Amino acid sequence: MTKHTPGPWVVADDNRNPGTIAIVHHTVHGYAAIYPSPGHKTSPYPAEQSANARLIAAAPEMYELVEYLSTAYDDRKSSHDLASTLYDLRCMALRLLDKIE
């Protein structure tokens, strides 16, 4: 059991703080913000700020992938299971990359 807020997390504009990007959990209670640099109303690096938000929002799925990797080979029983596990890992990785990029 992890101690972090479970996913999914999504990136959204923070309507409460203009120029800020929010990482939002699927309930109203999960919220983290990426603020512009101090003294700026908007980020001088908006593309980087947005990329950082997407990377942070993908954290629960990254954790899930690492957790799956840590146990995947313990459970395999045949070469078919190994192929299926590798396919699952590839699918998880592609979903992560789509979310991050």
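The following conversation goes through the predicted model shown above.

Me: What should I know about the model itself?
Reply: This is a predicted model, in which local features need pLDDT of at least 70 and side-chain atom pairs count only at pLDDT 80 or more, whereas totals for chains, interfaces and linings use all residues. Residues are numbered from 1 along each chain as its sequence is written, and side-chain values use heavy atoms, with hydrogens and water left out.

Me: How are α1 and α2 placed relative to each other?
Reply: The axes of helix α1 (residues 46–57) and helix α2 (residues 59–72) come within 5 Å and cross at roughly 45 degrees. Therefore α1 is oblique to α2. Axes are lines fitted to C-alpha atoms, for helices over the stretch in contact, and angles run from 0 to 180 degrees between N-to-C directions. Angles under 35 degrees count as roughly parallel, over 145 as roughly antiparallel, 65 to 115 as roughly perpendicular and the rest as oblique.

Me: Which residues meet there?
Reply: From α1, Leu55, Ile56 and Ala57 meet Ala59, Pro60, Glu61 and Met62 of α2; contact means heavy atoms within 4.5 Å. These residues divide into six nonpolar, no polar and one charged. Ala, Val, Leu, Ile, Met, Phe, Trp, Tyr, Cys and Pro count as nonpolar, Asp, Glu, Lys and Arg as charged, and the others, Gly among them, as polar.

Me: Turning to Glu61, which side chain meets it in a salt bridge?
Reply: The side chain of Lys99 does, at 3.0 Å from N to O. A salt bridge is a side-chain nitrogen of Lys or Arg within 4 Å of a carboxyl oxygen of Asp or Glu, and the count by this rule is one.

Me: Where do the two partners sit in the chain?
Reply: Lys99 belongs to helix α3 (residues 79–100) and Glu61 to helix α2, so the pair links distant parts of the chain, 38 residues apart.

Me: New topic: which residues form the largest nonpolar core?
Reply: That core has six residues, namely Trp9, Ile21, Ile23, Ile34, Ala53 and Ala57. Two or more of its residues come from each of β2 (21–25) and α1. A nonpolar core is a set of buried Ala, Val, Leu, Ile, Met, Phe, Trp, Tyr and Cys residues joined through side-chain atoms within 4.5 Å.

Me: And what does Ala53 touch?
Reply: Leaving out residues up to four places away in sequence, Ala53 touches Val11, Ile21, Ile23 and Ile34. A second, separate core has five residues, among them Leu65, Leu89, Met92 and Leu96.

Me: Where is Thr85, and which residues is it in contact with?
Reply: Thr85 is in helix α3 and is buried, at 9% relative accessibility. Beyond neighbours within four places in sequence, Thr85 is in contact with Tyr68 and Ala72.

Me: How much of the protein counts as buried?
Reply: Of its 101 residues, 22% count as buried.

Technical notes
Helices (H or I, at least four residues) and strands (E, at least two) are DSSP runs, numbered from the N terminus. Buried means under 20% relative accessible area, exposed over 50%, partly exposed in between (1.4 Å probe, protein chains only).
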